[in-house]
Amino acid sequence: MTPDLLEDGAKRLQAFEQRQADPAGSSGGRAAAFGRVARLGEPDFAHGVALYLDEISVSFDGFKALNKLSLAIDVGELRCIIGPNGAGKTTMMDCITGKTRPDAGKCFFGSTIDLLRLSETDIAQIGIGRKFQKPTVYEPLTVFQNLELALRADRRVRAALFSRLSGAQLDRIGEVLALIHLKGEAQRQAGLLSHGQKQWLEIGMLLMQEPRLLLLDEPVAGMTDAETERTAELLLSLEGRHSLVVVEHDMTFVDRLTQGRKTVTVLHEGSVLAEGPLAEVQANQKVVEVYLGR
Ligand SMILES: Nc1ncnc2c1ncn2[C@@H]1O[C@H](COP(=O)(O)OP(=O)(O)OP(=O)(O)O)[C@@H](O)[C@H]1O
Ligand SMILES: [Mg+2]
């Protein structure tokens, strides 16, 4: 990269980190945050649970957006969450990532990390990646440079901001480029990608930081059928290695992701209405009523 691009890159890296940790742009003090994460240590997944919500409640001006929501996601699980508009799906992700503080309940990452005690910055650094609907790719930079920035935002390689990429880091970028189907576009400016490709690049940027848990809110909204299918393939290829929580309205996509057997969670009025394979929950009378009633 030219010095100009590097300087630009450093600024963008800062913005990327800031956005990951604090999308609302309200907090600071990153140096302190790194110290805290070091003290917290690695999350403990020995019991097989990646994420555990217990009776989480959130009110906005007396309106209960989440009402004693309880949910457990296994390590390596791919869980789809569906539910009508306003069910509380995005609010749930806001609670997991520290953007919204619940009024009551528990929220644990692994068996030891109490997410309600951590800042948004800490939560991002401890291995929870969130894909926002609004794209966060840096359009003037190439696909490769975007992934490189995300890699350098990783706490483990922060010191090496201006150093050359190691062989292992180049390998990792290559691996992610292949996963997100953008190997042939590595030197292309991100701004020239299709909507679907930008979404994959954003997922790739999250993957560079090797999150244990990935939260995706409506990842295929606005995608073509072919892009949706490729996104399903991508997420299925991540299952096992990462735990994934996917909120989606597109039932064909949910069916593809769950392959007729995985658990789907239906949220309604801030709590779990039903849980089970997609065909089963879709045949559930309460679920049918909730969807018809919107
Ligand atoms: N910051 C806020 N202030 C007030 N009300 C809010 C706030 N955030 C969410 N809500 C309300 O909480 C409820 C749940 O919203 P949420 O965005 O979580 O739903 P959702 O399931 O993600 O819906 P959609 O499928 O439309 O994205 C809605 O009634 C919404 O209007
Ligand atoms: Mg939502």
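Asp-61 sits in the loop that links strand S1 (49–60) and strand S2 (63–74). Its backbone has a positive phi of about 50 degrees, although Asp-61 is not a glycine. Most residues other than glycine have a negative phi. A positive phi of about 50 degrees is also found at Gln-259, again not a glycine. Gln-259 occupies the loop between helix H9 (251–258) and strand S9 (264–268). Gln-259 is likewise exposed, since 12 other C-beta atoms fall within 10 Å.

The structure is a predicted model. The protein has a mean pLDDT of 87, with 83% of its residues at 70 or more. The pLDDT is below 50 over residues 22–36, a stretch that has 17 contacts in the model beyond near neighbours in sequence.

Strand S1 also contains Val-58. Val-58 is buried, because it has 22 C-beta neighbours inside 10 Å and the threshold for a buried residue is 20 or more. Apart from neighbours within four places in sequence, the contacts of Val-58 are Ala-65, Leu-66, Thr-91, Cys-95, Thr-100, Pro-102 and Asp-103. For one of these residues, Pro-102, the C-alpha atom is separated from that of Val-58 by 4.7 Å, while the two residues are 44 residues apart along the chain.

Ala-65 and Thr-91 also belong to the surroundings of ligand 1. By class, the shell consists of 3 nonpolar, 6 polar and 1 charged residues. Helix H3 (residues 89–96) gives the most to this shell, contributing 3 residues.

Elsewhere, helix packing was examined for one pair. Helix H6 (residues 167–179) packs with helix H7 (residues 195–208) at an angle of about 145 degrees, and their axes are 10 Å apart. The crossing of H6 and H7 is right-handed. On the H6 side, the residues in contact are Arg-172, Val-176 and Leu-179, which meet Gly-204, Leu-207 and Met-208 of H7. This contact comprises 4 nonpolar, 1 polar and 1 charged residues.

Definitions and conventions. Residues are numbered from 1 along each chain as its sequence is written. Chains are lettered from A and ligands numbered from 1 in the order in which they are written. This is a predicted model: local features need pLDDT of at least 70, side-chain atom pairs count only at pLDDT 80 or more; totals for chains, interfaces and linings use all residues. pLDDT is the predictor's confidence in each residue, from 0 to 100. Two residues are in contact if their C-beta atoms, placed from the backbone, lie within 7 Å. A residue is near a molecule or strand if its C-beta atom, placed from the backbone, lies within 6 Å of it. Helices (H or I, at least four residues) and strands (E, at least two) are DSSP runs, numbered from the N terminus. Ala, Val, Leu, Ile, Met, Phe, Trp, Tyr, Cys and Pro count as nonpolar, Asp, Glu, Lys and Arg as charged, and the others, Gly among them, as polar. Axes are lines fitted to C-alpha atoms, for helices over the stretch in contact, and angles run from 0 to 180 degrees between N-to-C directions. A crossing is left-handed if the near helix is turned anticlockwise from the far one by less than a right angle, and right-handed if clockwise.
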